[in-house]
Amino acid sequence: MKSCPPLFPDRSQATGYGVNPLDRLSERRDDPAFVDALMRAPESRMALIVRDTPVLRRLSGERWDCLFTLEAARALGDLREVALLGRTDERAFFAALLDDSQVVAEESDGARRLRLPGREDVALIDLRTIAMGGLVEAPAIGLLGQAKSLLYWHLRHRFCSVCGQPSELAAAGWRRECPACQALHFPRTDPVVIMLAVDGERCLLGRQPRFNKGMYSALAGFLEPGETIEAAVRREIREEAGVSVGRVHYIASQPWPFPSSLMIGCLAEALTTTIVVEPSELEDARWFSREEVVAMLEARHPGGLKPSNPLAIAHHLMRAWVELT
Ligand SMILES: [Zn+2]
């Protein structure tokens with residue numbers, strides 16, 4: 001088959017949480033004997049999540065690993081929902097919700113931290129901190145994002161949304177079933193459109209009040225039922241900045257496990273240029289020249305303005321736009 005030349009490089013792989021090497025084995029999830037055999041295999045490994053926080057084990061100093069043998073995982077406490085994440089050529093990977101009854105919460109430096117008493121060899125560290133600090137390798141960050149999104153869904157969906165009875169885990173963690181009414185429930189992924197409106201040599205960036213000082217980023221919003229990606233992009237830019245856009249071009253996507261979004265990154269061609277900021281959404285929005293965005297990406301903007309972090313797809317949308325010829 002003749003292959004189609006790529007219009008754009010695959011930028012999804014460059015985003016935080018975007019690298020995940022696992023074969024998800026989706027066709028084998030309903031085969032309990034197959035899944036049990038992987039559970040018993042000594043080379044299999046397990047990621048652990050407490051509530052929505054990954055458990056890391058200290059290798060040495062500030063070197064960490066997020067994977068446990070199944071024996072070591074069970075030694076940390078009761079494993080509640082267990083899910084098969086997938087397999088590489090070497091081994092299978094599972095994830096489990098660790099029972100949180102042993103966990104204590106502590107306040108220090110204004111932050112709330114979780115701890116497992118008596119286990120100084122493990123730490124409960126939120127996924128943003130793990131990713132920002134590069135505490136584990138990129139493929140492991142993708143795997144942790146997969147584990148966190150899936151297990152947090154189990155944690156928050158223990159009852160059938162049709163009849164209210166307790167539901168049960170099935171399909172190696174990829175489905176819940178209701179024994180009372182037989183309804184099937186599947187893990188959710190919430191699509192979010194994130195985009196730059198482009199007017200020739202300018203692109204539209206905005207800032208929310210919660211952003212770090214000087215940071216400008218792409219506009220974003222949830223895609224709604226019955227809406228296309230293109231329609232959501234047009235609606236969000238119009239609602240937040242009062243700008244109308246026409247053609248929409250898909251660039252890249254990013255799993256965003258907070259708790260379970262998929263960011264769909266686009267560029268959109270502006271039809272109008274007058275900005276009317278919606279103050280409930282944005283503190284400011286304006287057009288940025290290509291030179292200004294390049295200066296932001298190279299950390300030499302004369303006004304100290306900054307792009308979003310390279311972990312976020314918004315950063316890669318800005319790069320995609322400045323690299324367009
Ligand atoms: Zn039910």
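The model described here is a predicted one. In it, the protein donors are the SG atoms of Cys160, Cys163, Cys178 and Cys181, which lie 2.3 to 2.4 Å from the zinc ion. The angles among the four donor atoms run from 100 to 116°, and the site is tetrahedral. Two of these donor residues can also be described by their accessibility. Cys160 has a relative accessibility of 4%, which is under 20%, so Cys160 counts as buried. Cys163, with a relative accessible area of 36%, is partly exposed.

Rolling a probe the size of a water molecule over the atoms shows where empty space is left. The largest pocket holds about 930 Å³ of space. It is lined by 30 residues, and those closest to its centre are Arg210, Phe211, Met215, Trp256 and Ala312. Several elements take part in this lining: helix 3 (127-133), strand 13 (190-199), strand 15 (219-222), strand 16 (245-256), strand 17 (261-270) and helix 7 (313-323) each supply at least two residues. Strand 15 gives the largest share, with four residues. By residue class, the lining of the largest pocket comprises 18 nonpolar, eight polar and four charged residues.

At least two lining residues come from each of strand 2 (53-60), strand 7 (104-108), strand 8 (111-115) and strand 9 (122-124). Here the largest share belongs to strand 8, which provides five residues. The lining of the second largest pocket divides into eight nonpolar, three polar and 10 charged residues.

In helix 1 (residues 32-40), the buried residues are Phe34, Val35 and Leu38. Viewed down the axis of helix 1, these buried residues fall within an arc of 95°, so they line one face of the helix. The face of helix 1 turned away from the buried side carries Pro32, Ala33 and Arg40, which are exposed.

How values were computed: Residues numbered from 1 in each chain as written. Predicted model: local features only at pLDDT ≥ 70, side-chain atom pairs only at ≥ 80, totals over all residues. Heavy atoms only, no water. 1 Å grid on protein atoms, 1.4 Å probe; cavity = no way out; pocket = protein on both sides within 12 Å on 5 of 7 lines; lining within 4 Å. Points joined across faces, edges and corners; volume = space filled by probe spheres on them. Nonpolar A, V, L, I, M, F, W, Y, C, P; charged D, E, K, R; others polar. Donors = N, O, S within 2.8 Å, 3.2 Å for Na, K, Ca; no water. Tetrahedral: all angles 85-135°; square planar, octahedral: opposite > 155°, others 65-115°. Buried < 20%, exposed > 50% of the residue type's maximum accessible area, 1.4 Å probe, protein only. Arc of directions from axis to C-beta.
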